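Subject: Structure handover

Hello,

Here is the structure you asked about. Please open it beside this email, and the notes below will take you through it.

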Amino acid sequence: MNYKISRRSASLSPSLTLAIDSKAKQMKAEGLDVIGFGAGEPDFDTPQHIKDAAIKALNDGFTKYTPASGILELRQAIADKFQRENGLKYKPSQIIVSCGGKHSCYNVIMATCEEGDEVLIPAPYWLSYPEMVKLAGAKPVIVETTDKSEFKITPEALRAALTPRTRLFILNSPSNPTGSVYTPAEIKALGDICVEKGVLIMSDEIYEHLLYDGVAHKSVASFSQAHYEHTIVVHGFAKAWSMTGWRLGFLAAPEPIAKAIDAIQSHSTSNPTSFAQKGAVVALTGSQDHLKIWLAEFDKRRTFAWNKLNRIPGVSCVNAKGAFYLFPNISQTGLRSTEFCARLLEAEKVAAVPGIAFGADDYIRISYATSMSNIEKGLERIDRFCRSLARQPSAQAA
């Protein structure tokens, strides 16, 4: 049988982060001592009071269909969160609860983009953004940044990349994969250009609560009514509440866009999991005491890893201000990211993600959402690997 695969699906690249994580887990299952820096999820358990709420919902028989956009109780809790934390006023009808932050991003792109549209994506980018744009039939336009600008797109670069076909600009702060955080002034400057040119903004704020060194998060939607009307905020429960497997995301959008996304979701996934939504209500309305503990631990790991990386031959790294990633530059080792990570995994049993997956081949992504002992051991192995490269003249010419 000659099976025909659609051009859209055939054009997609598999997720390298999931592939690396899967390979590391397979090696561990074979008894190898593998250190995994690939996973984009906290190593902490979901707080108990959130799990208890979901368990109660199960025991109460809350196991049936819900509205496609989520239960009203949760959508109201999300609206209250935006008002309380971000100064943004949304009605529950403007809130869509989805099957994960990734699902929220996909829904936004599918609802706003079509054939012939262009979507501006600063690189390094979260690796799924361009693939989602392709699935919508639109064209991803990549705007490169480097560690010299802390991986932030400038207003000048944004303006230069705009064309009459630009439909959407994707802004991710705090950033995956770099951990960079735009200042409020930088956010406003980018938002001002989009408002001026009539370009929508998809603002991915899922790492909002994971911030260090006293930096502040400011949503682009909060600067004015015009910014609000041009912005769709996407978010989720995976990172700040360690609910990655729960598959719950959410977004807030102008009413017409929210209505379109509701229709898309009703025909694709229907509703998010019923009892998980009850846990999410408690995640937003219950104690947040876990976050302070997690942040202190993440900060300790971040500081250690950043200092260690900058002492490794051929490696340099700007410090992250948010999320739980570092994005070291490995160009001076003489290897590009895919070969670097493949040889590192083979030689030292350390799994990192090649920067090429994020549109930046001179870098690799290190997640410090793992134990301090793993970080110490893994970075010692990377150090040993890089020192071995420095002793091989051929590697410098590779």
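Is Phe298 buried or exposed? Phe298 is buried, because its relative accessible area is 0%. Bear in mind that this is a predicted model.

**Aromatic rings**

In the whole structure, the search finds 18 aromatic pairs. One of them joins Phe44 and Phe298: the ring centres are 5.3 Å apart and the planes meet at 65°, so this pair is edge-to-face. Edge-to-face is the word used when the planes are over 60 degrees apart. Phe44 sits in the loop between strand E1 (35–36) and helix H3 (48–59), while Phe298 belongs to helix H12 (residues 289–309), so the pair ties together parts that are 254 residues apart in sequence. Phe44 counts as buried because its relative accessibility is 19%, and the cut-off for buried is under 20%.

A second pair to look at is Phe340 with Phe385. Their ring centres lie 5.2 Å apart with the planes at 85°, so this pair is edge-to-face. It also links distant parts of the chain, with Phe340 in helix H13 (residues 337–348) and Phe385 in helix H14 (residues 372–390), 45 residues apart. Both Phe340 and Phe385 are buried.

Ring pairs also build a cluster, and its members are Phe44, Tyr207, Trp294, Phe298, Phe324, Tyr325 and Tyr368. Phe44 and Phe298, the pair described above, are therefore both part of this cluster.

**A buried charge**

Next, find Arg75 in helix H4 (residues 72–86). Arg75 is buried and yet has no salt bridge. The nearest side chain of opposite charge belongs to Asp262, 7.5 Å away. What does Arg75 touch, leaving aside its neighbours within four places in sequence? Its contacts are Ser69, Gly70, Pro92, Ser93, Ile95 and Val97.

**The start of the chain**

Met1 lies in the segment before helix H1 (7–10). With a relative accessible area of 80%, Met1 is exposed, because the cut-off for exposed is over 50%. Together with Tyr3 and Ile5, Met1 makes a nonpolar surface patch of about 460 Å².

**Backbone details**

Pro124 is in the loop between strand E3 (118–123) and helix H6 (128–135). Another cis bond joins Ser173 and Pro174, and there omega is about -5°. Pro174 is in the loop between strand E5 (166–172) and helix H8 (184–197).

Phe151 has a positive phi, near 65°, although it is not a glycine. Phe151 lies in the loop between strand E4 (139–144) and helix H7 (155–161), and it is buried, with a relative accessible area of 6%. Arg247 is a further residue other than glycine with a positive phi, in this case near 55°. The loop that holds Arg247 runs between strand E7 (231–236) and strand E8 (249–252). Arg247 is partly exposed, at a relative accessible area of 36%.

Regards

Conventions: Residues numbered from 1 in each chain as written. Predicted model: local features only at pLDDT ≥ 70, side-chain atom pairs only at ≥ 80, totals over all residues. Heavy atoms only, no water. Helix = DSSP H or I, 4+ residues; strand = E, 2+ residues; numbered from the N terminus. Buried < 20%, exposed > 50% of the residue type's maximum accessible area, 1.4 Å probe, protein only. Lys, Arg positive; Asp, Glu negative; His and termini not counted. Salt bridge = Lys/Arg side-chain N within 4 Å of Asp/Glu carboxyl O. Contact = heavy atoms within 4.5 Å. Patch = residues over 30% accessible without salt bridge, like charges linked within 9 Å, V, L, I, M, F, W, Y side chains within 5 Å. Areas by Shrake-Rupley, 256 points an atom, 1.4 Å probe, with all protein chains shown as cover. Phe/Tyr/Trp six-rings, centres within 6.5 Å; stacked < 30°, edge-to-face > 60°.
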